[in-house]
Amino acid sequence: MNILKSKLFNAFELIGTIFIVICLFFPIFWIVLTAFKSGEDVYSLSMIFDPTLDNFKNVFSSQYEFGAYYLNSSIVVLVALLITLPVSILAAYSLSRFNIFGKQLLLFLILSTQFIPLIVNVIPFFTLFKEWGLLDTLIALIIVNLGHTIPYAIWLIKGFIDSIPISIEEAASIDGANKLQIIWHIILPMAKPGIITATVFCFVIVWNEYMFSLILTNQKAVTLPIALSYFVGENGVIWNEMAAAGILYALPTIVFMFIVRKEFVKGMSAGAVK
C-alpha cells in the first residue's frame with residue numbers, strides 16, 4: 001500500500017512539474033516562433049512555416065531606431081553598475097565592521113528606501129531634472145537608478161560580509177595589510193557570491209526599469225522597455241517584429257545569467273542558509 005502511495009505521489013509530482021515547465025516556457029517558445037514568422041503567418045497557430053530573418057532586420061531599420069535605444073539601455077546599465085558596486089561594497093563593509101554612530105537608524109533608512117513606490121519619486125525627480133536641464137538624458141536615468149540599486153546592493157552585500165570571520169582580517173592586519181588591501185584580497189574573494197548576486201539583481205532592475213524612463217525621457221534617452229511599445233502601429237500590434245525585439249531585449253540578461261550562473265547559485269544558496 002505504501003509503495004502504491006509512493007508511486008502515485010511520484011506520478012503526481014512528475015505531472016505537476018511538467019505542467020509548471022510548460023506554463024513557464026511555452027510563452028517563450030511561442031515568442032521565438034513568432035519572431036521568425038512573416039506577417040502572413042503570425043496569426044497562424046501552425047508550427048510549420050517558412051522562417052525569415054526580416055523581422056530582426058526591420059527592428060534595426062530607421063523606422064524604429066532600435067539600435068540607438070539598445071545603446072541607451074546598455075550605457076545606463078553599465079554606468080549604474082560601475083558606480084553601484086564600489087560604493088555599495090565600501091558602504092556595506094563600513095556598516096558591517098565599524099561602530100558608526102546611529103548605525104541601526106542608518107540601516108533602517110537605507111532599507112526603507114525599498115518600501116517607497118517608484119511612482120512616489122517621479123514628481124520630485126521630474127521637478128529637479130527639469131530645473132537642472134536633465135530631462136530626456138541618460139544622466140537622469142542613471143541617477144534615479146542609483147537611488148534604487150545602491151541601497152539594495154548595500155543590504156545584500158552587508159549580509160555576506162557579516163558572515164566572514166573578523167579573525168581573518170585581524171590576522172591580515174597583524175601581517176601589515178591596510179583596510180583597502182584587506183577589502184581587495186580578503187573581503188572581495190570571500191564575498192564574491194554575494195557581490196555577483198547583487199550585480200545580477202541590480203542589472204535586472206536597471207535593464208527592466210520602465211516607470212522613470214517613461215516619464216523622464218521623450219526621444220533622445222529612450223530605453224528598451226519604452227521602445228517595445230513603438231511596435232504598436234495604426235493597424236494594431238506588429239507581433240512578429242515585437243517578438244524579434246523582445247528576444248533581442250532579453251538576450252543580454254540571458255547571456256549575463258549564463259556567465260555568472262555558478263556564483264549566482266552559490267550566493268542564493270548562501271542567502272537561503274543564512
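Reply: Let's start with a word we'll need: two residues are in contact when they have heavy atoms within 4.5 Å of each other. Among contacts in the chain between residues at least 6 apart in sequence, 73% join residues at least 24 apart. Before going further, keep in mind that this is a predicted model, where local features need pLDDT of at least 70 and side-chain atom pairs count only at pLDDT 80 or more, while totals for chains, interfaces and linings use all residues. Numbering runs from 1 along each chain as its sequence is written, and side-chain values use heavy atoms, with hydrogens and water left out.

Now for the inside. Buried residues (under 20% relative accessible area; exposed is over 50%, partly exposed in between, with a 1.4 Å probe and protein chains only) make up 36% of the 274 residues. A nonpolar core is a set of buried Ala, Val, Leu, Ile, Met, Phe, Trp, Tyr and Cys residues joined through side-chain atoms within 4.5 Å. The largest one here has 54 residues, and the members touching the most others are V59, F66, I157, I161, W207, L224 and F231. At least two core residues come from each of α2 (54-59), α3 (66-97), α4 (103-112), α6 (138-162), α8 (179-190), α9 (192-207), α11 (224-227) and α12 (239-259). The largest share, twelve residues, belongs to α3. Those labels are DSSP runs numbered from the N terminus: helices are H or I, at least four residues, and strands are E, at least two. The chain has 13 helices and two strands.

Zoom in on F66. Setting aside neighbours within four places in sequence, F66 is in contact with V59, F60, L224, A227, L228, F231, A245 and L248. Apart from this core there's another, of seven residues, including L134, V144, F212 and L216.

Two loop residues are worth a glance as well. E65 sits in the loop between α2 and α3, and its phi is near 55°, a positive value in a residue other than glycine. With 46% relative accessibility, E65 counts as partly exposed. D136 is in the loop between α5 (118-132) and α6, with phi near 60°, also positive in a residue other than glycine. D136 is buried, at a relative accessible area of 15%.
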